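Hi everyone, thanks for coming along. I'd like to walk you through one structure today, so please have a look at it with me.

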Amino acid sequence: MKNQRDSNKRNPRRADEKVSGSPKRQQRPEAEKAPKTRVARAKKLAVRPANQKVQSQVRRLQEQRSDLSGIEPVRLQKALAASGVGSRREMEEWIQNGWVTVNGKVAQLGDKVQPEDQVLVKGSVIKLKWPDRLPRIILYYKQEGEIVSRDDPQGRVSIFDRLPQAASSRWVAIGRLDINTSGLLILTTSGELANRFAHPSFEVEREYAVRVLGELGMDEMRLLTSEGVMLEDGLARVERIHSQGGEGVNKWYNVVLKEGRNREVRRIFEHFGLTVSRLVRTGFGPIGLPNRLKRGQFYELNAAEVASVMKWADLPLPDSRRRHG
């Protein structure tokens with residue numbers, strides 16, 4: 001899918017990450033909340049039908065199911081995260097706080113669950129999702145001014161307002177982009193796949209097109225790829241950085257790094273006294289921003305493409321006999 005990426009991609013965006021959830025805060029009075037902005041639904045990218053061989057593979061993958069009766073017990077926090085309830089770390093905190101029960105008993109860290117178990121979170125029944133079929137994956141060309149959150153007191157436009165709902169499931173955003181960043185946003189119905197992309201331990205590459213006011217010298221670029229620079233939250237180092245030219249005082253750079261700390265790309269350039277005027281994410285792991293995808297459009301991967309991403313992530317396909325406990 002990397003070959004879908006346009007190396008001279010239109011302009012910038014950026015990334016942050018997180019999956020929903022945290023204890024319910026006291027609700028602000030309705031009068032204080034800004035009215036929700038009405039937005040048009042995103043259009044789906046139209047693509048040509050695949051050839052007969054690919055169509056046959058897609059049908060076969062869509063029909064495959066795993067036998068849930070053979071699934072071994074899975075750690076509770078992992079099952080909850082894989083079902084889109086929240087991140088694993090959040091789920092561990094919720095379990096420690098006593099907010100999760102399994103079959104009527106307050107859960108403890110270390111508990112495992114199976115498909116037949118009943119799980120409640122804060123009193124609500126959670127229908128755990130088990131890997132009996134391929135997950136869904138969509139690529140969205142996020143626009144500047146959109147947030148990656150379902151709840152916003154300010155009533156700003158959310159990407160979830162634009163995207164189609166996932167039937168009987170929930171979209172999990174991988175590598176959340178901030179409001180001023182545009183570009184590739186990957187969403188999936190698999191919490192485990194989202195974790196495989198976003199967790200720092202996997203060091204998945206993120207690629208950005210960055211426009212700045214000013215210019216980096218060769219010594220500064222070498223410093224970024226060798227020793228790195230110290231930011232307020234620790235050392236920041238890039239894997240690759242290349243100049244992409246530009247006009248006047250605006251210069252473009254292609255930047256690749258293996259983490260997604262808050263505003264990290266912007267802060268790296270600020271370290272050298274440069275201001276990022278546009279930021280676009282053009283790639284994440286094996287997936288590039290499709291050349292034909294326009295701002296505000298989305299593309300849903302077909303089953304064959306999803307299977308390719310699952311293999312990259314070393315996650316089992318529905319007909320696989322591998323089990324993760």
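Let's start with a helix pair: the axes of α5 and α8 come within 11 Å and cross at roughly 55°. The axes here are lines fitted to C-alpha atoms, for helices over the stretch in contact, with angles running from 0 to 180 degrees between N-to-C directions. The crossing of these two, α5 and α8, is left-handed, meaning that the near helix is turned anticlockwise from the far one by less than a right angle; clockwise would be right-handed. On the α5 side the contact (heavy atoms within 4.5 Å) is made by Leu193, Arg196 and Phe197, and on the α8 side by Val309, Met310 and Trp312.

A word on what you're looking at. This is a predicted model, where local features need pLDDT of at least 70 and side-chain atom pairs count only at pLDDT 80 or more, while totals for chains, interfaces and linings use all residues. Residues are numbered from 1 along each chain as its sequence is written, and side-chain values use heavy atoms, with hydrogens and water left out. Helices (H or I, at least four residues) and strands (E, at least two) are DSSP runs, numbered from the N terminus.

Now the inside. A nonpolar core is a set of buried Ala, Val, Leu, Ile, Met, Phe, Trp, Tyr and Cys residues joined through side-chain atoms within 4.5 Å. Buried means under 20% relative accessible area, exposed over 50%, and partly exposed in between, with a 1.4 Å probe and protein chains only. The largest such core has 34 residues, and Ile137, Leu139, Ile186, Leu193 and Phe197 have the most contacts inside it. Elements giving two or more residues to this core include α1 (52-63), β8 (137-142), β10 (182-188) and α5 (191-198). Which helix gives the largest share? That would be α8, with six residues. As for Leu139, beyond its neighbours within four places in sequence, its contacts include Leu184, Ile186, Pro290 and Phe298. There is also a second, separate core of 21 residues, among them Met221, Tyr253, Val255 and Phe272.

On to strand β15, residues 250-257. Six of its eight residues are buried, so β15 is largely enclosed by the rest of the structure. Strands pair if DSSP finds at least two bridges between them. With β11 (residues 206-213), β15 pairs in the antiparallel sense over eight bridges, and Arg206 stands opposite Leu257. Strand β14 (residues 240-243) also runs antiparallel to β15, joined by four bridges; Arg240 is partnered with Val256, and His242 with Asn254. Their hairpin has six residues between the strands, and there Gly245 takes a positive phi near 80°.

Last, two single residues. Ala40, before β1 (43-44), counts as exposed at 52% relative accessibility.
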